[in-house]
Amino acid sequence: MTSSDPKLRRRRVDPMDAGSSSLTDIGEEKKKGSWRGVPSGPSPIGHRTALAIVTLLGCITTFYKIWHPAEVVFDEVHFGKFAGFYLKRTYFFDVHPPLAKMMLAAAGYLLGYDGHFDFGTIGDNYIENNVPYVGLRMLPATMNVLCIVLIYNIMRESGYTVLTCSLSAAMYLLDNSAVAQNRLIMLDSMLVFYMLSTVYCYIRFRKLRYQEFTRGWWFWLIATGVTMAMTVSVKMVGLFVVTTIGICVLVDLWGLLDIKRGLTMKEFMRHFNARALALIIIPTCVYLFWFYVHFAILDQSGPGDTFMSSAFQETLKNSAIKMKSLDIHYGDEIILHHPGTEVYLHSHTLKYPLRYDDGRISSQGQQVTGVKEADDNCYWRVKATKDISKDKRTPVRHNDIIQLEHVATGTNLLTHDVASPLLATNEEVTTMEQGKRYNETLFKVVLDDHNNGNIWSTHMKSVKLMHVDTKVAIWTRDKVLPEWGLGQQDVNGNKNTQDRSNFWMATEIKGLNATEINMNKKKEIKKMSFIMKFFELQGRMLRHNSGLTKPHPYQSTPITWPFLIRGISYWSKNDTREQIYMTGNVFGWWLSIGGVAVYAGVMLADTLARRRGVEPIDEPLRNRFISSAGLFLILWLTHYIPFFAMGRSLFLHHYLPAATCNYLLLGAVFQFMFIDGIDSPVSPLEGTTNTKYRRFHPLMMVATLSKYSYLAAFLILLGQLGMFLFLSPLTYGTPGMTVQQVLQHKILSTWDLQFAK
Amino acid sequence: MENLKRRHITPDVHQQPSPPVYEQYNPATLIDHNYGDEKNKFAKPLPPQQRVVYSSNKYIAFCQKYHRALIPAGLTLLAFWTRFRQIGLSNIVVWDEAHFGKFGSHYLKNEFYFDVHPPLGKMLVGLSGWLSGYNGSFAFESGHKYPEDVNYTGMRIFNAFWGALLVPLAYLTARQFKMSQRASILAATMVLLDTAYLCISRFILLDSMLMFFTCLSLYCMTVFNNCKNEPFSENWWLWLGMTGFSLGCVLSVKWVGLFVIALVGLNTIEDLWEMLGDVQMPKKTYAAHWLARAVCLICIPTLVYLFSFAMHFLVLYRSGPGDAQMSSLFQARLAGNSFERNPLDLAYGSKLTIKNYGYGGGLLHSHVQTFPEGSKQQQVTCYHYKDDNNHWIIRPPRVIGNPQDYEPENGNVRFVKDGDVIRLIHPPTGRNLHSHPIAAPITSGQWEVSAYGNETVGDIQDNWKVEIVDDLVYKDKERVRSLTTRFRLRHTQLNCLLSANNVVLPQWGFKQIEVTCDKRNRENDPHTWWNVEEHYNDNLPPAPKNAYKSKFLHDFWHLNVAMWTSNNALIPDPDKEDILSSTPSEWPLASVGLRMCGWGDDIIKYYLLGNPAVWWPAFASLLVFLASAGFYLARMQRKIHDLSNAQWDHFLYVGKTLFLGWFLHYIPFCIMGRVTYLHHYFPALYFSILMVPFLLEHWTAKMSNRTQWIVFGIAYVSVIAVFIYFAPVAYGMSGPISNYKGRRWLKSWNLVDK
């Protein structure tokens, strides 16, 4: 079945019919000499005016009372603090890549802020603490306005009418969630901005597909790669836009591979290589570059030290850890600290009771426990089991076999195959008088980070004490012994030797003042290659991110997001009864999810109909509906579906990029439903040096607006505006509301607003 | 498909003269050129029947003539020999025999029990016990020796029988996929000689039945697909119905049957989609196709599944360990239940157990352990087993009225009415059921429910109002009656409803169900409804016999929800390392094995481990298929056609079906949160095994016959040789395990202690 079956095209065969949209063959038009590359669609002036208006309106909704509240709101706690760390150049750790936080820091730097404020808790006052918070909020707010501009231009470049473009942009600027989220000191507006930029650049690139390898083609291809990398450099969520672009490029390449396109394999490989360069190699470099800057700025020791390996920490200036670290030698009396539960390895003269409550029997040996405060009973002497020279001090190395003598009682640490008091599966740890049961008192020193120097040292090298005889590790956990053990913490031999919590850290050597010794030695700052630093940080970011599973009262499941079942309380103030409750524009969100349903329904019906040999939709319309609206749908899906598979705690604001994409899709669906036809073709065919597109004659079509188009757009915008204004007290955090008003604003009974009682 | 059909480049390229003898089947000629292309099929006459020349030797001729029956029969005999050989060697309860043997015993004793799996497999285990003369008296404790009177060998043989049938099924399925005999026998040999299949089939477990029904479903589906050209014929109906029946059976053995249902479902959708494109097909015929599939692939499996539960309820008519999982009314009809002597009407001072009415609801429970967060008071949960910690006593409320009014001392009682305020005290710990405005531990949107204070210490937050929903037998709402009255408990202070929503607590709550006070006030949610189950009051007479019966569908659904909840609770415990469990990523390359029993020198040891010569090629074949399909597609995009349309369609059909089968049986385990074990991979493995001979044949099709024999010869020899070397892991290893340390090919196998 060919696409020019006259029966189905009946509607628009007559190009001379001036009043209605026309559908003609460009070849024909060309012969007549009337074709100018782009059909006579809307004038640029119409677009410019509309863009100016939505931008202005966007400025109003975004910047309205941006100084309110003058208090720390929700995640400003984190991101304001992080910006401060850049300004103080102290090392910190966060699960997100650095770009957006550096942008905030740059804004702070220009404003003369020195990073002194700690953004301690939600509700801390900015004015009292002298923080230029309005300036800081200006940056994300400006990005939000730019998002509106981008949305307009994405729709415009995709060939939609002025009305559709304005609708999409206006829906976004009247979205309560976008306004609430994107004018605060957080990362999301940067994320959405770069995400939209990527889409914009890709569309520009795609439109130049008939002018391959021209300067503009290269520019937009590389711009896509760079903005894509910027998105990922803001948050790892940027990978979703990378996925989208990846899918589009694969589809594109598959089309290029088609022999009907007439490319030789050599030409195809040229296309392939150009994309590999611009979309893989360049983005990787950009992403690495921001981390390079990150490490270059943060050269001083700070709160993030403890998240990193000790080798990394040694590269930081004023590293506290380096000042405290001393190598351990045989004969030293040390204190061992368990970092996970914050206790010190301890022993005292009390014995394990003969019989426990559950009837099991102990060895009645001396108790070994964990205590919160180090005392004299926490010193352990490291004794060699090999010959060491008497004259000089021999350091303890990785894999050495040692004995640990409890200094206060003169007994050796021992563990054996007797069930521990609280955990029958693990071994009891006790001590033994000198010379007895020698083989069971031997422990192997296993250093965590033994590739960077194998000498055991305090504060630097955590150690696992592996029992040589029974292959268990000395371990403790957050459980206290009953009365007979003075409520001290249970220590036992752990059979699961791979567990990270088996590691202990030596914190002190008796009689040695580490700071003094180190001051005299003047250790120099060590170097570590950038790539090593990068991989270490990246690995720890990912691990930490997946570890964010602690339940939060405002977390929600992805399925509830598009329906706005629940928002997030960002901030509230008791005396004025004001609150910021992050929630989307209920009207717009429900309408957009309806748009998805319409899209799916239309595509399904079309597929079924075509299967039966009927082609109900005109080719240019269908083409646009698949390629342009399809791109928006994929964007929405890739920004939404992956959350279903994520294990970490999730929040409504994770849906914001998807909600933004959904407005793009809504625009496309609006055009399909309410505007007759589409401006087509949208990609310029001329100016190509390539002769093989000469045979390519797309059908031409012009969109025609009727009064119903305007009416529909007006009603949609009215609904959006009404809902926006209604919810605005929750979005801007002002004015305060009475109980009655709060209850009124509970659109769904599941919303947990403050001050509802 | 439409495009592919239109292209028909060289349709008749393989119309070569038929090979003279049957051994020389060329896979290309075996494929019907018109396969899946119905229009052409009717346009052209079928190619003439191959003339088969029989050998002059009468024995060989006999074999040639009856090879269709002889080969499967031979394979079955071999399978029986490998499966039944030394089956009773280990006379102790091995691995999960402890569970499934015990469940089988329950059927023989007719005692109601609860398990996360549907009943069919366990009923068959029960049947095996009955057939071998076992009376159900043995407790099947793990590692214990079977007593003299338990014919465990018979039970194991019954199970192994199903496992053995996999072998002929693999052969027949491969034949249905139009593989040559050489390739089909290779498929069967790989199934026959896989040590993991062998090992798992030889014990009293469900896996052999699960595997059998899964493979049977695949077989039926392939036969049905080959009947496509004669729709609504007798054969067509038979195999469609058989597919539905075997799907129902898989699902009734274990829920993983859903995966093979998904496979058949996708196949059906594709089939219907193909037909939708056939504009000439009358709409009535098309509707009939839909209807036939709905009846055979939806109704039949559902009926089989329901029937297995109906049998389950029918056989288990006595009270047993699983009672508390079911609704109180269901329990009331079990013989020997614990509340036959219950008084009817509730009064202040009554001791009772309270059951959540929602599907899968448990008994209100408390124990001395406290919440680790929130109020840190004593935990209140829902629990599915009966013990004294489920008991509660109705006491007068705090502050309201004089306690004397509620519990008159002279032996009189005051009955509990609709709207009465009560306080519930937990006798083992003396604490009161209590709620307060502190977020619940998991469902943090609701209030926590705890047990707090004692008889004298406490506050007004101990008060609960009884709201009667209805009574199933008596129409009035006057009194609360045990079993039949459904009521809500409303917290008088917070105005929220006591509810349990099948949310499982972590290890600190012993995986019991979270109880919250639901402030959403969903009065019609059965999870906020409760009923009294056991009821003790010395001052009241026992109730008349209750004739009310719970409905089958209600019980069925209740049990399924309970199974689902318990299944979800089987999540790995981060505090405990389980050496038996493994992660899905370890399976395809057989990089993990499973010790099925103790590892002492004096025990016969079984190690569940795949035959590397089967598992490794099986996994590789999946990748080879993907690469081949990609290769062909890219070449076709460049208009280079390596295969004729019919060949490509066939290649795609077989490869796609097998790959999807593997994918659907494997990937869900990666997403699932629950504990996974090596044997979960076995159904997926079957699909990948069939892929090996298929691809071997596909890629050697153009080579000389000699080369083909060499390739297949290598495959046969390596499978057989590696099997012989590894056979002891499945047949039982006696003596010290260090004798076998040479077989530890991979470091990750814990065959030998480190």
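**Figure 1. Where chain B meets chain A in the predicted model.** In this predicted model, 17 residues of chain B are in contact with 17 residues of chain A. Together the two chains bury about 1600 Å². Carbon and sulfur atoms account for 53% of that area. On the chain B side, the residues that lose the most area to chain A are B:W273, B:Q637 and B:R638. Together these residues make up 44% of what the chain B side buries.

**Figure 2. Domains of chain A and chain B.** The assignment for chain A gives domain 1 as 44-292 + 562-745. Domain 2 of chain A covers 327-511. The C-alpha centres of these two chain A domains are 56 Å apart. Chain B is divided into domain 1 (1-65), domain 2 (206-316) and domain 3 (337-553). Between domain 2 and domain 3 of chain B, the C-alpha centres lie 46 Å apart.

**Figure 3. Helix 9 of chain A against helix 19 of chain A.** Helix 9 spans residues 188-207 of chain A, and helix 19 spans residues 656-674. Their axes come within 10 Å and cross at roughly 40°. An angle of 35 degrees or less would be needed to approach the roughly parallel class, which holds angles under 35 degrees; helix 9 and helix 19 of chain A are therefore oblique to each other. The crossing is right-handed. From helix 9 of chain A, the contact uses A:L191, A:V192, A:M195 and A:L196. Helix 19 of chain A supplies A:P657, A:T660, A:C661 and A:L664. By class, this contact between helix 9 and helix 19 of chain A has 7 nonpolar residues, 1 polar and no charged.

**Figure 4. Helix 11 of chain B packed on helix 12 of chain B.** Helix 11 (residues 207-226) and helix 12 (residues 234-253) of chain B have axes 8 Å apart. The packing angle is about 160°. Angles over 145 degrees count as roughly antiparallel, so helix 11 and helix 12 of chain B are roughly antiparallel to each other. Their crossing is left-handed. Residues that helix 11 of chain B brings to the contact include B:L210, B:F213, B:Y219, B:M221 and B:F224. Among those from helix 12 of chain B are B:W236, B:W239, B:L240, B:M242 and B:V253. In total, the contact has 16 nonpolar, 4 polar and no charged residues.

**Figure 5. Helix 13 of chain B packed on helix 14 of chain B.** Helix 13 covers residues 257-276 of chain B, and helix 14 covers residues 283-315. The axes lie 10 Å apart, at an angle of about 170°. Helix 13 and helix 14 of chain B are therefore roughly antiparallel to each other. On helix 13 of chain B, the contact residues are B:V264, B:T268, B:D271, B:L272, B:M275 and B:L276. They meet B:Y286, B:H289, B:W290, B:R293 and B:L297 in helix 14 of chain B. The contact of helix 13 with helix 14 of chain B divides into 7 nonpolar, 2 polar and 2 charged residues.

Figure 6. A:P69 sits in the loop between helix 3 (44-63) and helix 4 (76-88) of chain A. A:P735 is in the loop between helix 20 (707-732) and helix 21 (739-745) of chain A.

**Figure 7. Backbone at B:F140.** B:F140 is not a glycine, yet its phi is positive, about 50°. The loop that holds B:F140 runs between helix 7 (120-131) and helix 8 (152-176) of chain B.

Notes
Residues are numbered from 1 along each chain as its sequence is written. Chains are lettered from A and ligands numbered from 1 in the order in which they are written. This is a predicted model: local features need pLDDT of at least 70, side-chain atom pairs count only at pLDDT 80 or more; totals for chains, interfaces and linings use all residues. Side-chain values use heavy atoms; hydrogens and water are left out. Axes are lines fitted to C-alpha atoms, for helices over the stretch in contact, and angles run from 0 to 180 degrees between N-to-C directions. Helices (H or I, at least four residues) and strands (E, at least two) are DSSP runs, numbered from the N terminus. Angles under 35 degrees count as roughly parallel, over 145 as roughly antiparallel, 65 to 115 as roughly perpendicular and the rest as oblique. A crossing is left-handed if the near helix is turned anticlockwise from the far one by less than a right angle, and right-handed if clockwise. Contact means heavy atoms within 4.5 Å. Ala, Val, Leu, Ile, Met, Phe, Trp, Tyr, Cys and Pro count as nonpolar, Asp, Glu, Lys and Arg as charged, and the others, Gly among them, as polar. Domain bounds come from an automatic or database domain assignment. Buried area is the accessible area (1.4 Å probe) that two parts lose on being put together, summed over both.
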